[in-house]
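Student: I have a structure open and would like to talk it through with you. Could we go step by step, starting with the terms we need?

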Amino acid sequence: MNTKKLLELNYLFSIFTICDLIFIFYLSFEKFNFKKTDLSQISTFSFEFFAHIIFYLSLSVFLYFSLKVDWKIKSPISIVILISFIISLLIELVQGIFLDYRSFQLIDIFANIIGVFFFYIFSKNLSFFLNK
């Protein structure tokens, strides 16, 4: 299936964006019961930091294509950055205020912002994929 045929599906990127948001919300609010492991084998901090970057990079890319392709917004970059930052901040506030098994962490917001920043760096080349 070529790219043009795939892009003809109505609201494809909006569906991807909603699925990505549901996944982020699930990971952000679920109470996980991990068994203690030897920290010399796995660095939990670096894995979690990297995961935040990847999830917010993917959210930003899906949101960009959703706004550009599905909703026909000509220049959605600033909207994507604003929405991604607001979602990040709201999730951390909910974790800090309402969830006793989670806490507000600035390092998570920082990692999310790095993911959105990577989106911004690559956003100049994203329209290339729409022209194929």
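Tutor: Happy to! Contact here means heavy atoms within 4.5 Å. Keep in mind that this is a predicted model.

Student: With that cut-off, which residues is Phe 25 in contact with, leaving aside its neighbours within four places in sequence?

Tutor: Start with the place of Phe 25, which lies in helix α2. Setting aside neighbours within four places, the contacts of Phe 25 are Ile 87 and Ile 91.

Student: Is Phe 25 buried, exposed or partly exposed?

Tutor: Buried needs a relative accessible area under 20%, and exposed needs over 50%. Phe 25 has 33%, so the label is partly exposed.

Student: Let me step back to the overall fold. What pattern does the protein follow along the sequence?

Tutor: There are six helices and zero strands in the protein. Of the contacts between residues at least 6 apart in sequence, 76% join residues at least 24 apart. Read along the sequence, the pattern is α-α-α-α-α-α.

Student: How far apart are the end C-alpha atoms of α5, and what span should its residues give?

Tutor: Helix α5 has 17 residues, and at 1.5 Å a residue they should span 24 Å. The expected span uses one less than the number of residues. The end C-alpha atoms agree with this, at 25 Å apart.

Student: Now the aromatic rings. How are the rings of Phe 23 and Phe 55 arranged, and why?

Tutor: By the ring-centre rule, the count comes to nine aromatic pairs. For Phe 23 and Phe 55, the centres are 5.4 Å apart and the planes are at 80°. Planes over 60 degrees apart count as edge-to-face, so the arrangement of Phe 23 and Phe 55 is edge-to-face.

Student: Which helices does that pair link?

Tutor: Phe 23 and Phe 55 are 32 residues apart, so look for distant parts of the chain. Both are partly exposed, Phe 23 at 38% and Phe 55 at 25%. The helices linked are α2 and α3.

Student: What about Phe 49 and Phe 110: what kind of aromatic pair do they form?

Tutor: Phe 49 sits in helix α3 and Phe 110 in helix α5, 61 residues apart. Their centres are 6.2 Å apart with 35° between the planes. Stacked needs under 30 degrees and edge-to-face over 60, so this pair is tilted.

Student: Last one, Ser 123. Which backbone oxygen does its side chain reach, and at what distance?

Tutor: Ser 123 lies in the loop between α5 and α6, and at 3% relative accessible area it is buried. Leaving aside neighbours within four places in sequence, Ser 123 is in contact with Tyr 64 and Ile 77. Its side chain reaches the backbone oxygen of Tyr 120 at 2.8 Å.

Notes
Residues numbered from 1 in each chain as written. Predicted model: local features only at pLDDT ≥ 70, side-chain atom pairs only at ≥ 80, totals over all residues. Heavy atoms only, no water. Phe/Tyr/Trp six-rings, centres within 6.5 Å; stacked < 30°, edge-to-face > 60°. Helix = DSSP H or I, 4+ residues; strand = E, 2+ residues; numbered from the N terminus. Buried < 20%, exposed > 50% of the residue type's maximum accessible area, 1.4 Å probe, protein only. Polar contact = N/O pair within 3.5 Å; in protein donor to acceptor, adjacent residues only side chain to side chain.
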